Amino acid sequence: MARFHRLRVAAVDRLTDDSVALTLTVPPHLGEEFRYVPGQHLALRRVADGEDIRRTYSICSPAPDGEAPSTLRVGVRLVDGGAFSTYAHKEIGLGDELEVMTPAGRFTLPPAPGRYAAIVGGSGITPVLSIVSTLLAREPRASFCLIRSDRTAASTMFLEEVADLKDRYPDRLQLVTVLSREEQQAGLPSGRLDRERLTALLPALLPVERVDGWFLCGPYGLVGDAERALRGLGVARSRVHQEIFHVDAGTETVVTAPAPAHSTVTARLDGRGGSWPVRDGESLLDTVLRNRPDAPYACKGGVCGTCRAFLVSGEVRMDRNFALETEETEAGYVLACQSHPVTERVELDFDR
Ligand code: FES
């Protein structure tokens, strides 16, 4: 099960005016716990004035081949008024210790032969950088087309790292950068990447039907547009993986269903179970957390997927879900932070 450990900061690198990369040292006795698949993320925690603040950040470094990692690197973009990102930018320094949750997330690509592509916006490059660099280094029969969009060259995270990859793998990495607020050299597209532009651009870049896996990552608007463009081009849903980094307030998909007057949640967590009454209006995660503070979560907003649990029995309704793929919900997984009971008894398993 995901758990927190204290890791020391080994480097703080400024990437752009509003983003940094933090490198964390993994001591040898924690190496196995911090083993990760390219594309996974870490939740970082800060407890300040009695408040538990958690944010998830994707690992951007390539995954080591066979060995456990000795370092982890994450990209952190400053969010206006963001409690954790402001702290990361202004206060975190070399040698500090951070509380870091073991890697989680299913937006992943273990190296395998094939043709892959990604459409990313802004900090959405972070997990894809780990995916591409691991894939190209380890799998000579793999190729990747990376389409990235940002506002300006100066605001683009990991510009040099991506350029280095392009130099190292000129035949296997195709790179297209689209800047929305800056004129580019002739021939390169500029402006916002929307569904219409992607529908025209993608077939001109690569044989869309022969791509084995598509990775979409970034703000809600871009990921949605890219997903609709791919669907319009006939790409099967099973080949499309998505991770949303930012959901605007108001992008709700609230489904209403009658709630029972009294309901009880039974949860299994780290091998131990318990049953507790659900208070009016609270999420199942909050019920469990009141009794088991070790229950896993990070965003509490239906975006990161850290609170995923298997619904063993009963029925729930989820307020919103930007984290689980259709196959996962069909298989019976729910986001505990977004779930409310529809039946009097609900049973969750966080260990599955
Ligand atoms: S805690 Fe992030 S989706 Fe529930």
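Which residue lies over the face of Y297? It's R54, at 3.7 Å from the ring centre. The charged end of K300 also sits over the Y297 ring, 5.0 Å from its centre. Here a charge counts as sitting over a ring if NZ of Lys or CZ of Arg is within 6 Å of the ring centre and within 35 degrees of the ring normal.

A word on the ground rules. The model is predicted, so local features need pLDDT of at least 70 and side-chain atom pairs count only at pLDDT 80 or more, while totals for chains, interfaces and linings use all residues. Residues are numbered from 1 along each chain as its sequence is written, and side-chain values use heavy atoms, with hydrogens and water left out.

On to the sheet. Six strands make up an open, antiparallel sheet in the order β4-β3-β6-β1-β2-β5. Strands (E, at least two residues) and helices (H or I, at least four) are DSSP runs, numbered from the N terminus, and two strands pair if DSSP finds at least two bridges between them. The edges belong to β4 and β5 (71-77), each with a single partner strand, so one side of each has no neighbour in the sheet. From one strand to the next, the twist averages 40°. Strands β1 (residues 4-16) and β2 (residues 19-25) pair in the antiparallel sense over seven bridges; R14 has V20, in β2, as its bridge partner.

Helix α1 lies across β1, β2, β3 (41-48), β4, β5 and β6 (97-101), and runs at about 75° to β4. Contact means heavy atoms within 4.5 Å; axes are lines fitted to C-alpha atoms, for helices over the stretch in contact, and angles run from 0 to 180 degrees between N-to-C directions.

Aromatic rings come next. The whole structure holds five aromatic pairs, where rings of Phe, Tyr and Trp (its six-membered ring) pair if their centres lie within 6.5 Å, with planes under 30 degrees apart counted as stacked, over 60 as edge-to-face and the rest as tilted. In one of them, Y57 and F84 have ring centres 5.9 Å apart and planes at 45°, so the pair is tilted. This pair links distant parts of the chain, with Y57 in strand β4 (residues 51-58) and F84 in helix α1 (residues 83-90), 27 residues apart. F84 is buried at a relative accessible area of 1%, and Y57 counts as buried at 10%; buried means under 20% relative accessible area, exposed over 50% and partly exposed in between (1.4 Å probe, protein chains only).

F84 also forms an edge-to-face pair with Y87, at 5.4 Å centre to centre and 85° between the planes. Both F84 and Y87 lie in α1, three residues apart, about one turn of the helix. Y87 counts as buried too, at 15% relative accessibility.

Finally, helix α5 (residues 220-232) has 13 residues and reaches 18 Å from first C-alpha to last, close to the 18 Å expected, the expected span being 1.5 Å times one less than the number of residues. Its buried residues include L222, D225, E227 and L230. V223, also in α5, is buried at 2% relative accessibility. Leaving aside residues up to four places away in sequence, V223 touches L216, C217, G218, Q242, E243 and I244. Just after α5, G234 takes a positive phi of about 85°.
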